[in-house]
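Good morning, and thank you for coming.

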Amino acid sequence: MTLPWRIQQSVTVSMLEAVWAQLNDLVAARMGLSFPKERWDDLKRGVSLAAREFGHKDVASCIQWLVSAQLSKKQIEVLASYLTIGETYFFREARAFEALEKDILPDLLRQRRGGDRCLRIWSAGCATGEEPYSIAILLNKMLPDLPRWHITVLATDINPRALKKAQAGIYGDWSFRDCPRWLKDGYFGKTKDGRYEVLPDIKKMVTFGYHNLVEDPYPSLLNGTNAMDVIFCRNVLMYFVSEQAKRVVQGYCHCLTDGGWLIVSPGEVSIVRHPQLAGTNHTGITLYQKKSEKPETEAALLPWTEPCDLPSVTAPVLTESLRYDDNGPDLSVAAQPEASEVILAEPAKYEEALALFHAGCYVEAERAITGLLSANQANAEAMTLLARIYANRGKLPQALVWCQNAISVDKLNPGTHYLLATILQERGQVREAVVSLKHALFLDPDLVPAHFALGTLVRHQGKAKEAHKHFENALSLLNKRQTEDWLPEAGITAGRLTEIIRSTIGVEERHGRSRG
Ligand SMILES: C[S@@+](CC[C@H](N)C(=O)[O-])C[C@H]1O[C@@H](n2cnc3c(N)ncnc32)[C@H](O)[C@@H]1O
């Protein structure tokens, strides 16, 4: 029996709608993007273009495959290149940059000038790079002693094509709309074809990387998304489904240091609702500042001294109950609880602190772990966790001290040497970080994240061959693991790290070819 034509047609339409809805769900789950019915035409256009790249002759078969396959990072990258909106330009929304220049940076720079001179800014969803380069230009203008600072401008995006353009740093007039003349004159060179290339001093201030806000970890020492003073995430979350946008804001809150700033576009203000983010008005726009979780207690609990420069030296940390000297913690000074009490209570307390750390409750995690440390001062695992807590809060000197203390108690733990390397790297102590990574690999030649980190560091030092060797080592070790194996030092699965390394090597090769 055949159905009447009208019913046939409505069955076909509702089947088609169901498939589009499935695709919509997939895109929301893997990329965060929202395509409500009124934007299905955009979705169709994007998927038709992606279908060719995926090798499908017709869009219908491509969609069937997309909704039934377990898509890899590479395939998500392809979809992202066609589905994302990369509209951007230099110093977009001038009021945000005015607030950065007049309100946010002066305070931050004043605080840091007397200390470690570190400043960390993240442009998340940086598209073709105009936003992070604008930040770098502003910092270059504001800091006459720039070489004495360790500035991080991390710029990430899900669209690899946009990132490639960002890394090249060459722009046409359209990227300069609304910009004053001094920008082109002072910070760009003219190319033969009449475009503008960012000057090398500005280019080298920005680190570009692939990062999917929905699937990649943050905060994470592996990708440097921890301890941010300022996060720019403008004109990104407005395209997200609300559940994913909420998760991103929660993640940013964990990435920000206490007092750190989140900058969204004026159209995204209604999306930012978080008890720890206080909205304040600056030059007519709303910016969000992270409040401390609880009143600070750490100073009372654990006074610390500036760490020594050499990673292998234990810095002295003195309190009534905790005493350390140059040889490591002096465990004889405090009354020790009964051994059985420590053995029974410690793992549970550690787990509690770890859970608080993973939930981003750093102040509470710190309180729990310092309680544990005052009961057992030789607990290297607890010291390492305390170092990670400090690193995530942007307190790098304290992180360094506790990591060094952990190493002095347990010199043979490769993971702690790896953590030390990441802290040193963030402090700009690249040579020392390389030494620590070599220690880590000496103790455990199979420590994959250390191979990856060493590859990344030596690549920045211009040692392409050595970098490639480390990336290859990491890949061949990962090849022996299950994709879903968890790598605790990296905070991601083996499969994900494989994809990240492959795309790092890919970006390098493409970049090398375009230069050569
Ligand atoms: C309109 S651009 C914004 C550029 C810049 N922030 C600005 O305001 O001028 C939005 C960017 O967000 C990126 N994006 C979208 N979804 C993302 C995700 N899940 N993870 C990371 N970036 C994403 C897009 O690729 C695109 O480059």
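I shall speak about the chain as a whole, then about a sheet, and finally about the ligand.

This is a predicted model, in which local features need pLDDT of at least 70, side-chain atom pairs count only at pLDDT 80 or more, and totals for chains, interfaces and linings use all residues. Residues are numbered from 1 along each chain as its sequence is written.

The protein chain has 516 residues, of which 42% are buried; a residue is buried if 20 or more other C-beta atoms, placed from the backbone, lie within 10 Å of its own. Its secondary structure comprises 20 helices and 14 strands, taken as DSSP runs (H or I, at least four residues, for helices; E, at least two, for strands) and numbered from the N terminus.

Let us turn to the sheet. Strands of a sheet pair through backbone hydrogen bonds, either parallel or antiparallel. Here 7 strands form an open sheet with mixed pairing, in the order S6-S2-S1-S7-S8-S10-S9; two strands pair if DSSP finds at least two bridges between them. Strands S6 (206–210) and S9 (277–282) are at the edges with a single partner strand each, so one side of each has no neighbour in the sheet. Strands S1 (residues 118–124) and S2 (residues 150–157) pair in the parallel sense over 7 bridges, and Cys118 stands opposite His150 in S2.

Where does the ligand lie? Domain 1 (5–83) and domain 2 (94–290) both contribute residues to its shell, so the ligand lies between them; the domain bounds come from an automatic or database assignment. The ligand is surrounded by 25 residues, each with its C-beta atom, placed from the backbone, within 6 Å of it. The closest are Thr84, Thr88, Gly125, Ala127 and Leu213.

Definitions and conventions
A residue is buried if 20 or more other C-beta atoms lie within 10 Å of its own, exposed if 12 or fewer, and partly exposed in between; C-beta atoms are placed from the backbone.
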